[in-house]
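Please open the model in a viewer and keep the sequence panel beside it.

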Amino acid sequence: MQVLVLSDIHSNLVALQAVLADAGTFDTIWSLGDVVGYGPQPNECIELLLSYSHLAVAGNHDWGSLGKLDLRDFNVDARQANLWTREQLSARSWGYIEALPETLDEGDYTLVHGSPRYPLIEYLVYPSLVRQSLPFFSTSICFVGHSHIPSIFACTDSEVRVLTPEIGVPIKLGNERYIINPGGVGQPRDGDARASYLLLDTAERTITFRRVPYDILITQTLMQEAGLPPRSIARLEFGW
Ligand code: ZN
């Protein structure tokens, strides 16, 4: 099975469309949370996801927009965008987000937004935190989002290795356990403004990281028209 693994769409429809067009043929989508927040087109992103076979888990911005997480835990720009998003959400979008689980196990894969220990809020960017997460999921491979930074952690009982997520090169997964982040679709934060995602081949046990440019100016213009925070608009072109 070919799986398009993506995270942190953040209401950026143009970026999501670019990813879907670039991904080619796939069987299903696994979405790791934060479909909304920051960006200008929350309902359109949810509707587009709904037109595909997909699994999805909740992100902190998803629940923040519904008021299921305390907005005081968000920075000022994120909070403003969440309040704006709450006003925009259709009944169908609201129901979709409300029903998202915190974690999902699918075969030998676990899907979660932040970390298996704290599904909505923990950032897995350091090997020490990755190590602490291992007892909190039982499958071999855990896909996470939240940091918006493409990453691979290969874990044995004795060590956590940080592998380089080279773009376009299939990486064969071994017998270790893994925590893998596909990077962010709608607001990359690794200094590369292109939308980030990965393709998983479950039969071959390979992952391939991909980047695709999108028309950032369209998203920025829509954000301006919506009155969303200037810093959130500017950061898109810097990939931060
Ligand atoms: Zn996010």
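Begin with H10, which is buried at 1% relative accessibility; buried means under 20% relative accessible area, exposed over 50% and partly exposed in between, with a 1.4 Å probe and protein chains only. The model is a predicted one, in which local features need pLDDT of at least 70 and side-chain atom pairs count only at pLDDT 80 or more, while totals for chains, interfaces and linings use all residues. Residues are numbered from 1 along each chain as its sequence is written, and side-chain values use heavy atoms, with hydrogens and water left out.

**The zinc site**

Select the zinc ion together with D8, H10, D34 and H148. These residues coordinate the zinc ion through OD of D8, NE2 of H10, OD of D34 and NE2 of H148, at 2.0 to 2.5 Å. Donors are N, O and S atoms within 2.8 Å of the metal (3.2 Å for Na, K and Ca); water is not among the atoms, so sites may look incomplete. Along the sequence, the donor residues follow the spacing D-x1-H-x23-D-x113-H. H10, in the loop between strand 1 (2-6) and helix 1, and H148, in the loop between strand 6 and strand 7 (151-155), are 138 residues apart, and the pair links distant parts of the chain. Helices (H or I, at least four residues) and strands (E, at least two) are DSSP runs, numbered from the N terminus. H148 is also buried, at 1% relative accessibility.

What is the arrangement of the four donor atoms around the zinc ion? Their angles run from 85 to 171°, which makes the arrangement irregular. Four donors count as tetrahedral if all angles lie between 85 and 135 degrees; four count as square planar and six as octahedral if opposite donors are over 155 degrees apart and all others between 65 and 115; anything else is irregular.

Stay in the loop between strand 1 and helix 1, where D8 is located. D8 is not a glycine, yet has a positive phi of about 55°, and its relative accessible area is 0%, so D8 is buried. Next select S11, which is placed in the loop between strand 1 and helix 1. S11 likewise is not a glycine but has a positive phi, of about 60°; with a relative accessible area of 0%, S11 is buried.

**Aromatic pairs**

Now display the aromatic side chains. Rings of Phe, Tyr and Trp (its six-membered ring) pair if their centres lie within 6.5 Å; planes under 30 degrees apart count as stacked, over 60 as edge-to-face and the rest as tilted. By this rule there are four aromatic pairs. One of them joins F26 and Y52, stacked at 5.8 Å centre to centre with 25° between the planes. F26 is in the loop between helix 1 (13-22) and strand 2 (28-31) and Y52 in the loop between helix 2 (42-50) and strand 3 (54-56), so the pair ties together parts 26 residues apart in sequence. F26 is buried, at 15% relative accessible area, whereas Y52 is partly exposed, at 30%.

Move to Y109 and F143, whose ring centres are 6.1 Å apart and whose planes meet at 10°, so this pair is stacked. Y109 belongs to strand 5 (residues 109-112) and F143 to strand 6 (residues 141-143), 34 residues apart. Both residues are buried.

**Charges over rings**

Select W63 and K68. K68 lies over the face of W63, 4.1 Å from the ring centre. Then select F137 and R177: the charged end of R177 sits over the ring of F137, 4.2 Å from its centre. A charge sits over a ring if NZ of Lys or CZ of Arg is within 6 Å of the ring centre and within 35 degrees of the ring normal.

**Helix 7**

Finally, select residues 216-226, which form helix 7; I216, T219, Q220 and M223 are buried there. Seen down the axis of helix 7, the buried residues fall within an arc of 100°, so they line one face; the arc is that of the directions from the helix axis to the C-beta atoms. On the other side of helix 7, L217 and E225 are exposed. G227 follows helix 7 and has a positive phi, near 75°.
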